[in-house]
Amino acid sequence: MSLQTDIIFAKAIKSDEGILSLLKAGDVYNTTIAMPDEDLANAPVPYVIVSFDGLTNDQSTKDDYEGDTDTVTVSIEIAAETRPKLAALAKMIRKAVRRYFIACLKEGNDMVPLDYQFSAKPVNYDSLKPCFWQELTYQCDVRNDTSDEENEGENGTQEN
């Protein structure tokens, strides 16, 4: 799960119709926004970009090469036309992630993080777009992908 943690965050955000109705392009992007029109200088705001920002294995014992959990960092860059709209979007995303993860756990879906810590970076203003933007950060404790290899398919992807 750890190398795919950003994907579950994107699914969580996409599960919220309120967020999707705000987005002009109508999608939550993973890692980057593909710009199909080369004459378009900026992506239309508001937008949401979910990124995988790396992981660290939690090696708390010396019994094995790797520990059973990883700490994964997922960032969510958000942009909106005004400061109040940015704050509202951030609040909606936080609620959507929490609601989606709780629902997944109730359904027995173990793809969500075991736990996470939330933080937010400063609010910025880009005068060239113009827009306000911010990065939301989740530090997640997740199951180590390599600890359950008997459930993997031929190409190394998790079979569920």
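R98 has a relative accessibility of 41% and counts as partly exposed (20% to 50% relative accessible area; buried is under 20% and exposed over 50%, with a 1.4 Å probe and protein chains only). The residue lies in helix α3. This is a predicted model, in which local features need pLDDT of at least 70 and side-chain atom pairs count only at pLDDT 80 or more, while totals for chains, interfaces and linings use all residues. Residues are numbered from 1 along each chain as its sequence is written, and side-chain values use heavy atoms, without hydrogens and water.

The protein chain contains 3 helices and 6 strands (DSSP runs numbered from the N terminus: helices are H or I with at least four residues, strands are E with at least two). Starting at the N terminus, the order of the elements is α-α-β-β-β-α-β-β-β. The protein chain has 160 residues, of which 34% count as buried.

Helix α3, residues 83-106, also holds F101. This residue is buried, and its relative accessible area is 6%. Aromatic contacts lead from here to the strands. Across the whole structure, a search finds 7 aromatic pairs (rings of Phe, Tyr and Trp, the last by its six-membered ring, with centres within 6.5 Å; planes under 30 degrees apart are stacked, over 60 edge-to-face, the rest tilted). One of them joins F101 and Y116 in an edge-to-face arrangement, with 6.0 Å from centre to centre and 75° between the planes. Because F101 is in helix α3 and Y116 is in strand β4 (residues 115-120), this pair ties together parts that are 15 residues apart in sequence.

Y116 is partly exposed, at 25% relative accessibility. Its ring also pairs with that of Y138: the centres are 5.0 Å apart and the planes stand at 75°, so this pair is edge-to-face. Here the link runs between distant parts of the chain, from Y116 in strand β4 to Y138 in strand β6 (residues 131-143), 22 residues apart. Y138 is buried, with a relative accessibility of 1%.

Which residues make up the aromatic cluster? F101, Y116 and Y138 belong to one cluster together with F9, Y100 and F118.
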